[in-house]
Amino acid sequence: MPMFKSKIGKWLAVAGFAVVVVAVGMYVYVHAAFPETRCEAKHLTDESKMAGDCYACHLKTTPKIAQDWYEGKHGMLLVKCFVCHGQPDGKGAVEFAVDPDPDKVCRKCHDPAVNRMEEKFGLRPQCNDCHPYHQNSIHHEAFQKTESKKTVN
Amino acid sequence: MKRGVRTIVLSFGCALAIAVVGAVAFEKTSTTGFCVSCHEMEQHRTELKLSSHAVDKDKKPIECRQCHMPAELGPRYVSLKAYLGIKDMIVHHFGDPDNFYRRELQLSARRFVPDDSCRACHEDLKKTYKGEELSREGKLAHDAYLGINGQTGKGCADCHHNMAHLPIFDRRYVQNAEFAAKMAAQEEGM
């Protein structure tokens, strides 16, 4: 390649290479410094660390629900109780509710998927009819398929 | 010998020129004025002006970068600026800037609102912005955030939504009532 033989060509090649290295470096760095999903939850094994919120008491009062959540996808990604159910003092971004309105709560994160489903099949008013919120399992009852995972014949 | 001197002088000159131009461009492109010079950002500025984050406690207007960029200059700042800047340019020229899908934008905006920008102003997490004590639940939530009592794995913007922007579908929430009313009044006046 004659371009790399001339002095300017060599400098250009070095400069181009440097730009590419810096660009790739920055891209990788941004993805490391601003992760798309935060993964602390996967490594959460110490239950005492959950003592500060609903979970610690609800593990005793509503053990099935608490355990389902803990083992489900929402639990693993630390989508905690208050994210959907709000807080008892009524502050925070979501109203306090035992049975939250799916249109307000689910859509906050799952809007693209809800829209896709709506286009294809239409919607039932309660997402919960097919997708049990607390049992979207990764490990929990892993061999027992929920209603939503059953294939339709 | 002469050639060697010339090369050194030339390379220093180039480096200096790049540094000066870079620094000036960096400053100029960091202003709110530059952000809203693209028409698709007008809506976001209108919302910001009516929000609780329009001005800081000294009544100085809050700039885009104070929330959307890290608080301190550093490799984190520079990399994020480059990343978001290039993304914005691609969307502006090749995307569909008139029809933002704001649900999706919210998720990515939350990812790129660093906690240190929030906490540059909101220093004491045990008090409200007015200096009053937080509610018991509020304190528990912030303790969990700090890892003192429980842990959340979440950032400020993962819980505190609609602080400075309010898309139409988020106006129905009770806690956004005041903001929504202001937005509605503004649109009526238009």
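Predicted model: local features only at pLDDT ≥ 70, side-chain atom pairs only at ≥ 80, totals over all residues.
**View 1. Chain A is built from helices, without strands.** Chain A holds six helices and zero strands. Followed along the sequence, its pattern reads α-α-α-α-α-α. The chain has 153 residues, and 17% of them are buried. Among the contacts in chain A with a separation of 6 or more, 45% join residues 24 or more positions apart.

**View 2. Chain B is likewise described by helices, with zero strands.** Chain B contains ten helices, and its pattern along the sequence is α-α-α-α-α-α-α-α-α-α. Of its 190 residues, 15% count as buried. Residues 24 or more positions apart supply 53% of the contacts in chain B with a separation of 6 or more.

**View 3. Helix 1 of chain A packs with helix 5 of chain B.** From helix 1 of chain A, the contact involves M26(A), Y27(A), Y29(A), V30(A) and A33(A). From helix 5 of chain B, it involves P75(B), R76(B), S79(B), L80(B), A82(B) and Y83(B). By class, nine residues of this contact are nonpolar, one is polar and one is charged.

**View 4. Helix 3 and helix 10 of chain B pack at an angle of about 125 degrees.** Helix 3 covers residues 42-50 of chain B and helix 10 covers residues 177-189 of chain B, with 9 Å between their axes. This angle makes helix 3 of chain B oblique to helix 10 of chain B. The crossing of helix 3 of chain B with helix 10 of chain B is right-handed. In helix 3 of chain B, the residues T46(B), E47(B) and L50(B) take part in the contact. They meet F179(B), K182(B), M183(B) and Q186(B) in helix 10 of chain B. The residues of this contact comprise three nonpolar, two polar and two charged.

**View 5. H165(B) lies in a loop of chain B.** The loop containing H165(B) runs between helix 9 (156-159) and helix 10 of chain B. H165(B) is buried, because 22 other C-beta atoms lie within 10 Å, and the cut-off for a buried residue is 20 or more. Beyond its neighbours within four places in sequence, H165(B) is in contact with H44(B), E47(B) and L48(B). H44(B) and H165(B) are 121 residues apart along the chain, yet their C-alpha atoms are separated by 6.4 Å.

**View 6. The largest nonpolar core includes residues from chains A and B.** This core has seven residues: F82(A), V83(A), C84(A), A93(A), V94(A), V105(A) and C159(B). Helix 5 of chain A (residues 81-85) gives the most to this core, with three residues. Leaving out residues up to four places away in sequence, V94(A) touches V83(A), C84(A), G86(A), P100(A) and V105(A). A second, separate core has six residues, among them L48(B), C67(B), C156(B) and A164(B).

Notes: Residues numbered from 1 in each chain as written. Chains lettered and ligands numbered in written order. Axes fitted to C-alpha atoms, helices over the stretch in contact; angles between N-to-C directions. Helix = DSSP H or I, 4+ residues; strand = E, 2+ residues; numbered from the N terminus. Parallel < 35°, antiparallel > 145°, perpendicular 65-115°, else oblique. Left-handed = near helix turned anticlockwise from the far one by under 90°. Contact = placed C-beta atoms within 7 Å. Nonpolar A, V, L, I, M, F, W, Y, C, P; charged D, E, K, R; others polar. Buried ≥ 20, exposed ≤ 12 C-beta atoms within 10 Å, placed from the backbone. Core = buried A, V, L, I, M, F, W, Y, C linked by C-beta atoms within 7 Å.
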